[in-house]
Amino acid sequence: MSPKKNQFLFVAFVFIVSPLFATKAPNFVLIYVDDLGWADTSVRMMKDVKGSRSYFHQTPALEKLAKRGVVFSNAYAPAPTCTPSRISLHYGKTNAKLGYTTVHDIAAHDRGLKESIPKDHISLPQMFKQANLGYVTAHFGKGIAIAKPQEIGYDSHDAYDTGDNGNYHGEFVKIAPVTERESLPEDDPKRIYSLTETAEKFLEKQSKSDNPFFMVVSHYSAHVPHDASPHMIEKYRNIPRGQYCRDEDYLDPSEMTKSQRTCTWRLQYAAMVEETDISLGRIMDALDKHNTTDNTYIIFTSDNGGGLTPNGVLTGGKANLYEGGIRVPTVVAGPNMLKDTQCDVPITQWDLMSTFHDLSGSKTPAPKGLDGGSLREVFQKGNNGRVERPTPGIIFNYPYYAAAPINAMRVGDYKLMRQLNTGEERLYNVVEDLAERDNLIKAKPEIAKELAKKMDDYLAAVNARKIEEVYKVRFAELNMFKEKSLSHEKQKLEKVLKETPTDKHESLKKEYAAKMENIAARYDKQIEHCQMQTLNENFIGGNYKKK
Ligand SMILES: [Ca+2]
């Protein structure tokens, strides 16, 4: 056999039998942090904006990831709170289309979305399965609230028997029964370390398989109640004081109120953010160890804007639609991506479904009705790339009954916000005016009109909830809760009366009458609060009196 022929046969042999020579579908690791603000990490989200990072918190692993990849300066969470963001990310569609827009979205209930799986929509893990490329999917940590991970198609998960993994799983070893609740050990604050170990084990297992994977590591950090390792808190006590730190942050925890210790203690918050970053570092190390870094996309981001420390130069935070509530720290690294680059093209988390579908190489058509576009071009070309979406912009639908209800839309450099109680509109150029100080509604009426039309057309097309409907359903819900509670007490009284001698009936009746009065008063207060909320004219906040 001639050497040439021999060589040909060898190549043919390797090509046919060795998976090493086949192009393997890439892996995806999504690190989803809870309530982490835009300027909460030590990575500048914008190279020329000083106030786009924290000068106190230290997140060296994210710095390393940023060097390996792209920092997205204009990356948006789908919503300003947890649940709607998680649902939108998982289905690649806007909250307006999915009909799930707020935490405890009562209006979603009669659309079949509450406590159930969104009907007629394909989830991320289901999309990966449909690709027929052998993807193994895993979800560890905080869930998506309306379904357990296994119910929306994840192969591997750490879901508990008692409902979806909610905030309590970042606090207790076991949730139910309530009497057996036990706090997580001191060395596992917010379950950060055990969650990391679960992810590491999954990566170890996958390293022995030829199947590509999609893994979500969904942190309970940095949601309240905050927690961190004592040694890490001490580290922050002993480094130069941070920009946002106050005297009270340097008290001994024994001198603090419970609320200070768990919700506002900024040394602890910094420590918790760093420990979350340690987790990212360990996952990056595990990928290196298994030689999978080169074929793995790592997406690091947050489900909504920061709720504690100010979001750098941005206005607002969690639960409102100023940039501080929706713009989130986002860093992505992976195969064929630019390195150490900042990309300013606006992106949102409902783009991830289209992106993963595209990058996986799936030949199965993408799920129907997606609102996102593939980020392939911006991953590879940065600001020279484009994101093609079927939807004409990034749209936020937040008809909330317990805070300022707002719809907003970002198109190009502009963002239009509309207060749903009053119809008042505000327009900002969020590129030139990051802090949204200069309302351009009078100066640029044509742009405002164009954005308003796009927003209204889209919302009408997807039959988005109107605020009036949301209030109506909320009032009905509160009245239903009130009636149920009262009737429950009444039944209890009737049962007790049957089991008790008649001479004690009068006092029992009085006791229950007082109880029922309290219950009624409690619900009446909530109903009154919601009534006042209908008068809320603000763009930020739940207090209708604030201007
Ligand atoms: Ca959140």
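**Exercise 1. Find the order and the pairing of the strands in the open sheet of four strands.**

Solution. The order is β11-β12-β13-β14, with antiparallel pairing. Strands here are DSSP runs of E with at least two residues, helices are runs of H or I with at least four, and both are numbered from the N terminus. Two strands pair if DSSP finds at least two bridges between them. Next come the edges: β11 (394-398) and β14 (425-429) each pair on one side only. Ignoring direction, neighbouring strands of this sheet are turned by 10° against each other on average. Between β11 and β12 (residues 406-411) there are five bridges. Ile-394 stands opposite Arg-410 in β12. Last, helix α14 (residues 445-461) lies across β11, β12, β13 (414-419) and β14, at about 115° to β12.

The model is predicted: local features need pLDDT of at least 70, side-chain atom pairs count only at pLDDT 80 or more, and totals for chains, interfaces and linings use all residues. Residues are numbered from 1 along each chain as its sequence is written.

**Exercise 2. Decide how β7 is covered and which strands pair with β7.**

Solution. Step one is burial. A residue is buried if 20 or more other C-beta atoms lie within 10 Å of its own, exposed if 12 or fewer, and partly exposed in between, with C-beta atoms placed from the backbone. In strand β7 (residues 296-302), seven of seven residues are buried. Thr-296, Ile-298, Phe-300 and Ser-302 lie on one side, and Tyr-297, Ile-299 and Thr-301 on the other.

Step two is pairing. Strand β1 (residues 27-33) runs parallel to β7 and is joined to β7 by seven bridges. Val-33 stands opposite Ser-302 in β7. With strand β8 (residues 331-333), β7 pairs in the antiparallel sense over three bridges. Phe-300 has Val-331 of β8 as its bridge partner.

**Exercise 3. Is Leu-30 buried or exposed?**

Solution. Leu-30 is found in strand β1. Leu-30 counts as buried because it has 21 C-beta neighbours inside 10 Å. Leaving out residues up to four places away in sequence, Leu-30 touches Val-216 and Ile-299. Contact requires C-beta atoms, placed from the backbone, within 7 Å. The C-alpha atoms of Leu-30 and Ser-218 are separated by 7.9 Å, though the two residues are 188 residues apart along the chain.

**Exercise 4. Describe how α7 packs on α10, and α15 on α16.**

Solution. Axes are lines fitted to C-alpha atoms, for helices over the stretch in contact, and angles between N-to-C directions run from 0 to 180 degrees. The axes of α7 (residues 192-207) and α10 come within 10 Å and cross at roughly 10°. Therefore α7 is roughly parallel to α10. Angles under 35 degrees count as roughly parallel, over 145 as roughly antiparallel, 65 to 115 as roughly perpendicular and the rest as oblique. The contact includes Leu-195 and Ala-199 of α7 and Ile-283 of α10.

For α15 (residues 467-499) and α16 (residues 505-533), the axes come within 10 Å and cross at roughly 170°. So α15 is roughly antiparallel to α16. Among the residues of this contact are Phe-481 of α15 and Tyr-512 of α16.

How values were computed. Contact = placed C-beta atoms within 7 Å.
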